[in-house]
Amino acid sequence: MIEKISLNSLKFFYFVAKYGSVTLAAKKLFVTQSAVSKQIYNIEESLNINLFERRNKSLLITHEGEILFNCCQKVFAQLDECLTELNINNFENKPLVLSCEPTISMKWLIPRLSKFKEMGHDFNVVLLTGGGIVDFEINNIDIAIRRNDFNWGEHVFSEKIADEYMVIVQNPDSTTEELLVSSSRPNFLNSLKKINEFKDFLKNTPQVKLEHFYLCLEACLAGLGATIISIYMIEKELDRGAFQKLTPAIKDNSSYYLLSHTKISDDPRKLIFLNWIKNEMEESQLNHL
C-alpha cells in the first residue's frame, strides 16, 4: 500500500488537515493551491476514500481523514526528531555568522555575547556589522538582525525578536537646546512625528542630523544636545545615570527580526540563538521601560 502514495502527498494532506484550508497549506508549503488540491485528490483516488467534505466553501475532515491525520502526526513527529538529530550532527562546531547593525552591535549585542558563550554551546557566533538588505550567499551570512522598516523580500525567512522602543534623552548637565538625529534609518523622523509623545518635541526643537546613532549617542554624552535613540542602545548610560529621559520609552511601530535565507527551524544553532536573543531583549525591556 505504501508504494501507492508518496511522502510528499501525505505532507500536503497533513498541512491541509492541520490548518483546515488549502489556501493556508499552499502558503505554508510555498506552492500553488492547485498543486495541493492535486495531491489530496491523488491520495483519495489511491485509497478510494474521501478525506474532506466540502460544504459552503468550508473544508471538513472526514472520519477517514482524521485517522490518516493522526497517523501522519505520529510519523512526521518521529521524522522531525530524526532530522533534528541529523542536523545537530551536521552543524556541530560550525560557527554561526551573524550580521547586525553597528550601533546595536556595539552597545547591546557585544556586551552579551560573552554570556552566550558561557552557556557552553558547541558553536561560536561570528559577528559582522552591516545594515539594510542582506546578501547571505556572497558574504556567507547565516542570520541577520534587522528592523522591519524595509522590505527584505519574500525569499527571506524571518522571526520577530522584539519591538523597538525609542526615547529622547540628554546629558543631565547639558544646556544645549538642540536635538541630535540619526540619518541612518529611512523615514525615521516622519514615523516619529506621528507619535504624540514625540510630536511636539520634534516640532519645536532645532535638529542637527548626524550619520549614525553612535555619533548621536557620543555627541549627547558630550553635552551637545538631546537625542532620540533606541532604548537598547543606551542601557549602560541609563544604568550609570549618564542620561536623563525627556520622554517615556515608546514603541515606534518597528520591530527587530531575525532573518535567514533558509528555514530557521532547520538549523538548531539558529533556534538556540533566536530563543536566547528574544529572552535578552525581553529582559532589557523589563529593566528599562
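**Reading a predicted model**

Trainee: What counts as a salt bridge?

Mentor: A side-chain nitrogen of Lys or Arg must lie within 4 Å of a carboxyl oxygen of Asp or Glu. The whole structure holds ten salt bridges by this search.

Trainee: How are Glu-53 and Arg-55 joined?

Mentor: Their side chains meet in a salt bridge, 2.7 Å from N to O. Glu-53 is partly exposed at 35%. Arg-55 is partly exposed too, at 48%.

Trainee: Which residue forms a salt bridge with Arg-112?

Mentor: Glu-235 does, with the closest N and O atoms 2.8 Å apart. Arg-112 sits in helix α5 and Glu-235 in helix α9 (residues 235-239), so the pair ties together parts 123 residues apart in sequence. Arg-112 is buried, at 13%. Glu-235 is buried as well, at 8%.

Trainee: Which residues do shared partners join into one network?

Mentor: Arg-112, Lys-115, Glu-235 and Glu-280 are joined by salt bridges that share partners.

Trainee: Which way do the residues of β5 point?

Mentor: First the general idea. In a regular strand, side chains alternate between the two faces of the sheet. Here, Ile-143, Ile-145 and Arg-147 point one way from β5, and Ala-144 and Arg-146 point the other way.

Trainee: Which strands pair with β5?

Mentor: Two strands pair if DSSP finds at least two bridges between them. Strand β3 (residues 96-100) pairs with β5 in the parallel sense, over three bridges. Strand β11 (residues 250-260) pairs with β5 in the antiparallel sense, over five bridges. Find Ile-143 on your screen. Ile-143 is the bridge partner of Leu-98, and Ile-143 also has Ser-260 in β11 as a bridge partner.

Trainee: How many aromatic pairs are there?

Mentor: The count is 14. Rings of Phe, Tyr and Trp (its six-membered ring) pair if their centres lie within 6.5 Å; planes under 30 degrees apart are stacked, over 60 edge-to-face, the rest tilted. Phe-273 and Trp-276 make a tilted pair, 5.6 Å centre to centre with 45° between the planes. These two are three residues apart in helix α10, so about one helical turn separates them. Elsewhere, ring pairs link Tyr-14, Phe-15, Tyr-19, Phe-69 and Phe-76 into a cluster.

Trainee: How much space lies in the largest pocket?

Mentor: About 1,300 Å³. On a 1 Å grid over the protein atoms alone, a pocket is an open set of points where a 1.4 Å probe fits, with protein on both sides within 12 Å along at least five of seven lines; lining residues have an atom within 4 Å of a point. Points are joined across faces, edges and corners, and the volume is the space filled by probe spheres set on them.

Trainee: Which residues lie nearest the centre of the largest pocket?

Mentor: Phe-15, Lys-28, Lys-263, Ser-265 and Asp-266, out of 33 lining residues. Helix α4 gives the largest share of that lining, eight residues. The lining divides into 16 nonpolar, seven polar and ten charged residues. Here Ala, Val, Leu, Ile, Met, Phe, Trp, Tyr, Cys and Pro count as nonpolar, Asp, Glu, Lys and Arg as charged, and the others, Gly among them, as polar.

Trainee: What about the second largest pocket?

Mentor: About 310 Å³ of space lies there. It has 19 lining residues, with Glu-101, Pro-102, Gly-131, Arg-147 and Ser-184 nearest the centre. Helix α5 gives the most to this lining, four residues.

Key. Residues numbered from 1 in each chain as written. Predicted model: local features only at pLDDT ≥ 70, side-chain atom pairs only at ≥ 80, totals over all residues. Heavy atoms only, no water. Buried < 20%, exposed > 50% of the residue type's maximum accessible area, 1.4 Å probe, protein only.
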